[in-house]
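Biologist: Hey, I've just opened this one and I'm new to it. Can you walk me through it?

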Amino acid sequence: MVMNPFTLNEEAAREWLSELVVAHELADLDDPIENRGRRIGPQVHLAWRPRKPGQEDTVSCLIERAHDQKDVLSHSEHATTAIEFIDDGNDWCYRFLLHVGAPVAVTLAGPAMEVGQLGDDAVCGVDAALGILREAQQSANSLLGQLNAFVTAMTPDT
């Protein structure tokens with residue numbers, strides 16, 4: 001079973017993220033933004049910097065909610081990507097995960113990276129969020145490629 005690669009529609013992502021920024025700038029939000037009764041995303045604002053301490057939950061929410069948005073971060077029916085933050089006793093690290101739910105549940109992890117390498121350098125707000133989504137997509141596709149190669153290598157010739 002070969003899974004389709006993850007795709008990021010940057011135009012749809014930028015529109016969604018811009019809506020989040022506007023909503024955040026117009027209100028003092030303590031909870032995720034509500035839109036017609038459904039949660040649409042993390043608290044991203046104009047000056048948001050994902051590398052700053054304490055932004056781990058917002059980054060995780062960004063990736064999780066991007067899967068829920070129509071045409072933002074598309075994925076195979078049985079696979080999603082996520083991010084995991086690791087306190088290594090020095091500086092925090094992160095790694096992307098690929099969760100496959102079927103035909104057998106498995107999670108693959110990418111290499112750990114320093115949080116200082118997360119996303120694009122010297123950007124904030126929507127551009128910072130887009131950089132993270134690009135990185136999530138690339139990492140997920142890399143892990144998916146490794147999984148597909150493994151499955152192909154382990155499948156007996158018939």
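Biologist: Which side chain does Arg14 meet in a salt bridge?
Modeller: Arg14 pairs with Asp127, at 3.2 Å from N to O. A salt bridge here is a side-chain nitrogen of Lys or Arg within 4 Å of a carboxyl oxygen of Asp or Glu. Bear in mind that this is a predicted model, where local features need pLDDT of at least 70, side-chain atom pairs count only at pLDDT 80 or more, and totals for chains, interfaces and linings use all residues. Residues are numbered from 1 along each chain as its sequence is written, and side-chain values use heavy atoms, with hydrogens and water left out.

Biologist: Where do Arg14 and Asp127 lie?
Modeller: Arg14 is in helix H1 and Asp127 in helix H3, so the pair ties together parts that are 113 residues apart in sequence. Helices (H or I, at least four residues) and strands (E, at least two) are DSSP runs, numbered from the N terminus.

Biologist: Which residues are linked with Glu10 in a network of salt bridges?
Modeller: Asp120 and Arg134.

Biologist: What does Glu64 pair with?
Modeller: Arg65, with the closest N and O atoms 2.7 Å apart. Arg65 counts as buried at 7% relative accessibility, while Glu64 counts as partly exposed at 45%.

Biologist: Back to helix H1: how exposed is Glu15?
Modeller: Glu15 lies in helix H1 and is exposed, with a relative accessible area of 52%. Its C-alpha atom is 9.3 Å from that of Val126, a residue 111 positions away along the chain.

Biologist: Zooming out, what's the secondary structure of the chain?
Modeller: Three helices and eight strands. From the N terminus on, the order is β-α-β-β-α-β-β-β-β-β-α. The chain has 158 residues, and 41% of them count as buried.

Biologist: New topic. What's the volume of the largest pocket?
Modeller: About 170 Å³. It's lined by ten residues, and Val100, Ala102, Pro103, Leu147 and Val151 lie nearest its centre. A pocket, on a 1 Å grid over the protein atoms alone, is an open set of points where a 1.4 Å probe fits, with protein on both sides within 12 Å along at least five of seven lines; lining residues have an atom within 4 Å of a point.

Biologist: Which element gives the largest share of that lining?
Modeller: H3, with three residues.

Biologist: Last one: what pLDDT does the chain average?
Modeller: The average is 86, and 89% of the residues score at least 70. pLDDT is the predictor's confidence in each residue, from 0 to 100. Over residues 29-33 the pLDDT is below 50, and that stretch has 15 contacts in the model beyond near neighbours in sequence. A contact means heavy atoms within 4.5 Å. Residues 35-39 also have pLDDT below 50, with eight such contacts.

Terms used
Buried means under 20% relative accessible area, exposed over 50%, partly exposed in between (1.4 Å probe, protein chains only). Grid points are joined across faces, edges and corners, and a volume is the space filled by probe spheres set on the points.
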